[in-house]
Amino acid sequence: MTPILRRVTLTVEKNQYLRMQISWNSHRIRISLGVSISKLDQRGRPTWDGMRVRKNTFHGPRKIPAATINAIITAFERRVDEAFLNFELTDSIPTPQQLKAILKDKPLKSDKNRISTLFLDFLRDGEKTRQWSENTTRSVRNVGNLINKYLPDATLEDLTPDTIPNFISYQVNHRLSSDNIPAGQPGYSNSSALKNAGILRWFLKWATYKGLIPEKQWKPLRIDVKRIRRPVIYLTWEELTRLEKLPLEPSSELDRARDFFIFCCFSSLRYSDAAALRKSDIRQNRFAVTTQKTSTNILIDLNDHSRAILEKYRDTDSPYALPRITNNRLNHLLKELGRIAGIDTPVRISQYYGPQRIDRTLPKHELLTTHCGRRTFICQALMLGIPPQVVMKWTGHADYAAMRPYIEIADQTKADAMTLFNR
């Protein structure tokens with residue numbers, strides 16, 4: 001077998017189409033890969049290094065993720081190697097027409113059942129017709145990138161009832177991202193992997209609804225994954241009071257972040273709803289909200305704490321009722337506020353990575369996020385004896401299932417309080 005010396009390069013045309021050029025034995029062909037890319041992002045930063053596009057970027061009018069484009073490039077490079085290997089085995093040199101015929105025998109874009117292509121259709125369908133939130137869209141895109149790594153060339157016909165359990169195992173055993181993965185652990189925790197597998201299942205249900213695949217082909221009989229429910233992180237009344245009375249420089253970033261969070265603690269609002277709250281939504285002693293997550297219309301009554309914060313920002317030029325701070329920035333500031341306020345009660349976080357259980361103990365302030373405000377409201381309301389059905393009117397919960405963890409906390413707190421009579 002005589003190796004065929006060849007050179008493979010990638011070029012981006014003026015129309016942004018990506019093409020592959022293959023040179024060998026004085027022959028040369030150029031083939032379009034069927035995708036268009038942008039060399040620069042919106043901020044003018046380079047996204048193309050001549051071989052691959054930068055991760056977490058999106059390209060062309062279809063907003064194709066970088067992971068999908070890179071998977072297409074890798075798959076085509078593999079097919080080029082396979083094609084040349086077939087000629088090397090017979091000690092023959094292909095003509096341009098022969099090589100083109102082989103490479104076009106398996107076009108990357110023509111297979112309508114290719115999972116990477118269908119997942120983009122699923123994403124566009126969700127964005128347009130189901131009106132997904134920004135966070136949902138981001139989560140689905142991230143899972144799409146994982147699927148492109150796990151099943152780069154697979155079609156729907158390749159799926160089996162083992163696909164979803166194997167996808168979970170793949171995430172746990174491969175270090176696909178450095179985010180929130182403790183040192184020494186190969187991949188995602190079981191809980192994160194199971195959540196991502198739920199989005200894959202969602203996609204497959206969509207494909208079944210479209211008549212692309214029968215449910216019995218992919219539906220697993222059972223998924224047995226060890227996991228531990230994450231503790232509900234909320235502030236006790238003493239911690240909440242300490243944070244509320246914390247001396248801060250007026251109108252500073254920490255002061256505005258504290259006000260935003262305290263309002264959530266006394267109104268039950270999620271970050272998305274609090275950030276969208278306008279002064280025109282407030283009517284005397286209550287305000288109306290259509291929640292962004294569930295599109296539920298709810299009326300929330302004001303109390304002295306929430307009313308004081310709204311009064312503080314009533315005369316600002318902004319139409320919004322609260323300071324404008326991004327969620328990521330606010331989460332960072334909350335951890336700093338909690339540290340300054342001494343909210344450092346040890347909290348144990350337990351997670352499974354495959355069969356291995358990892359326990360970590362962190363001070364509570366490192367776990368504070370904007371959603372802790374909503375959890376604080378629910379826990380404190382139940383501990384004050386407000387009936388769950390009344391709390392649900394404020395929070396917009398549709399059933400008791402989502403309220404059960406908070407009710408358990410309130411019941412445990414009451415039981416602990418009763419033991420004070422034994423002293």
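Trainee: Okay, how far does the confidence go? What does pLDDT average over the chain?

Mentor: This is a predicted model. The chain averages a pLDDT of 85. At least 70 is reached by 91% of the residues.

Trainee: Which elements have the lowest and the highest mean pLDDT?

Mentor: Helix α15, residues 404-418, has the lowest mean, at 68. The highest belongs to α9, at 96.

Trainee: And where does pLDDT stay under 50?

Mentor: Over residues 107-111. The model has 13 contacts there beyond four places in sequence.

Trainee: New topic. In what order do the strands of the open sheet run?

Mentor: The order is β1-β2-β3, three strands with antiparallel pairing. The edge strands are β1 (6-12) and β3 (27-36), and each pairs on one side only. From one strand to the next, the twist averages 20°.

Trainee: How many bridges join β2 and β3?

Mentor: Seven, with β2 covering residues 17-24. Ile-22 stands opposite Ile-29 in β3.

Trainee: Which helix lies across those two strands?

Mentor: Helix α2, residues 96-103. It runs at about 25° to β3.

Trainee: On to α6. What span should that helix have?

Mentor: It has 20 residues, 190-209, so at 1.5 Å a residue the span should be 28 Å. The end C-alpha atoms are 28 Å apart, which agrees.

Trainee: Which of its residues are buried?

Mentor: Among them are Asn-196, Ile-199, Leu-200, Phe-203, Leu-204 and Trp-206.

Trainee: Why would residues a few places apart point the same way?

Mentor: An α-helix has 3.6 residues a turn, so residues three or four places apart point the same way.

Trainee: What covers the buried residues of α6?

Mentor: The cover includes α3 (115-129), α4 (134-150), α5 (163-173), α7 (215-218) and β9 (346-353). After α6 comes Gly-211, with a positive phi near 80°.

Trainee: Now α12. How far apart are its end C-alpha atoms?

Mentor: They are 20 Å apart.

Trainee: Which residues are buried in α12, and what do they pack against?

Mentor: Leu-330, Asn-331, Leu-333, Leu-334, Leu-337 and Gly-338 are buried. The buried residues of α12 pack against α8 (237-244), α9 (253-265) and α10 (271-276).

Trainee: What comes just after α12?

Mentor: Gly-342, which takes a positive phi of about 75°.

Methods. Residues are numbered from 1 along each chain as its sequence is written. This is a predicted model: local features need pLDDT of at least 70, side-chain atom pairs count only at pLDDT 80 or more; totals for chains, interfaces and linings use all residues. Side-chain values use heavy atoms; hydrogens and water are left out. Helices (H or I, at least four residues) and strands (E, at least two) are DSSP runs, numbered from the N terminus. The expected span of a helix is 1.5 Å times one less than its number of residues. Buried means under 20% relative accessible area, exposed over 50%, partly exposed in between (1.4 Å probe, protein chains only). Contact means heavy atoms within 4.5 Å. Two strands pair if DSSP finds at least two bridges between them. Axes are lines fitted to C-alpha atoms, for helices over the stretch in contact, and angles run from 0 to 180 degrees between N-to-C directions. pLDDT is the predictor's confidence in each residue, from 0 to 100.
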